[in-house]
Amino acid sequence: MIGDFKPEVAIIMRSDEMIKEFNLKRVTINTSFGPVHRCYIGNVYDVPVLIIYGRFNGEKVPSSQINFQQTIEAVKNSGATKLIGTFVVGGINPEMPQGSVYVLGDLVGAGNYNISWNQNISFHNAEMFEPFCNELTKKLCEASRKMPFPVKENATYVSFYGYPRIETKAELSFYNKMGWDIVGQTCDPEATVAKLNQICYAGIAVQIDDPSGRANYINDLKEQQEAKAYVEDIKSCRKRTTKIILQFLKDYKSYDCTVCSKMSRKNKNFREFPDEFYE
């Protein structure tokens, strides 16, 4: 159990090295969806943090079967008010090579998803005009500028949610014409659920493939040549996002966000029927 420890920042990431280096302790956080066992707590550069090791309970499943609500509820139950999601994504722009890194600035939902809503709690829609916390994103950008590799800021993530496949050539061409940067399957509904819980949310991503590499891979198969892998090693990719997180925590100073914790579209005046209909 988490006990009296209260993290200020939660991070969804897979970084064995960071857990070992800072001697983070594995704990279980209970939620209404069941316990979350993949949680690690401790201080990183004097910042109390919670790391949630990925988004899967056990074996990997399609994104439509990931319980995003459970993960966000674990963050909320821990007491953390700020959450950073880290992502491994696909490339859209042919000019951006695999290994490119991004700080997220906007989001496009390109798939259908649904969440389980507790009927005993008043329903409201998440305010997603700005899906990422401005202050938290700003601090990630400041950390990314100290990296030895380029990081694109204000990137648009297309959430291709729910499909057990990656994108077609036509889809990538359309996304590129729209000026979007990267595509993945987990930033939303995670961002939406974080907003519903009034948690400051931001994201960084690393690209493991690009359209040209995918095309070359298929052409090699067609020509019966030895096909070269078109994705960069995920572990090496994650090292780049981990470096940004570590720099962010090294520079971190405690602050209060005046926006995300107050953001709500709850309608207190909603009634199922006018009162006179009950008479």
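Apart from its neighbours within four places in sequence, Met18 is in contact (heavy atoms within 4.5 Å) with Met13, Leu24, Val44, Ile51, Thr242, Ile245, Leu246 and Leu249. The structure is a predicted model, in which local features need pLDDT of at least 70 and side-chain atom pairs count only at pLDDT 80 or more, while totals for chains, interfaces and linings use all residues. Residues are numbered from 1 along each chain as its sequence is written, and side-chain values use heavy atoms, with hydrogens and water left out.

Met18 belongs to the largest nonpolar core, which has 38 residues; Met18, Ile244, Phe248 and Leu249 touch the most other members. A nonpolar core is a set of buried Ala, Val, Leu, Ile, Met, Phe, Trp, Tyr and Cys residues joined through side-chain atoms within 4.5 Å. Buried denotes under 20% relative accessible area, exposed over 50%, and partly exposed the range in between (1.4 Å probe, protein chains only). Two or more residues are given to this core by each of β1 (9-12), α1 (16-21), β3 (36-44), β4 (47-52), β6 (101-109), α3 (134-144), β9 (200-207) and α7 (234-251). Helices (H or I, at least four residues) and strands (E, at least two) are DSSP runs, numbered from the N terminus. The largest share, 6 residues, comes from α7. A second, separate core of 31 residues includes Ala10, Ile29, Leu83 and Phe87.

In helix α4 (residues 169-177), the buried residues are Glu171, Leu172 and Tyr175. These residues line one face of the helix, because they fall within an arc of 95° when seen down its axis; the arc is that of the directions from the helix axis to the C-beta atoms. The exposed residues Lys169, Ala170 and Lys177 are carried on the face turned away from the buried side. The cover over the buried residues of α4 includes β5 (82-91), β7 (151-159), β8 (182-184) and α6 (211-222). Gly179, which follows α4, has a positive phi, near 85°.

Val259 is located in the segment after α7 and is partly exposed, with a relative accessible area of 44%.
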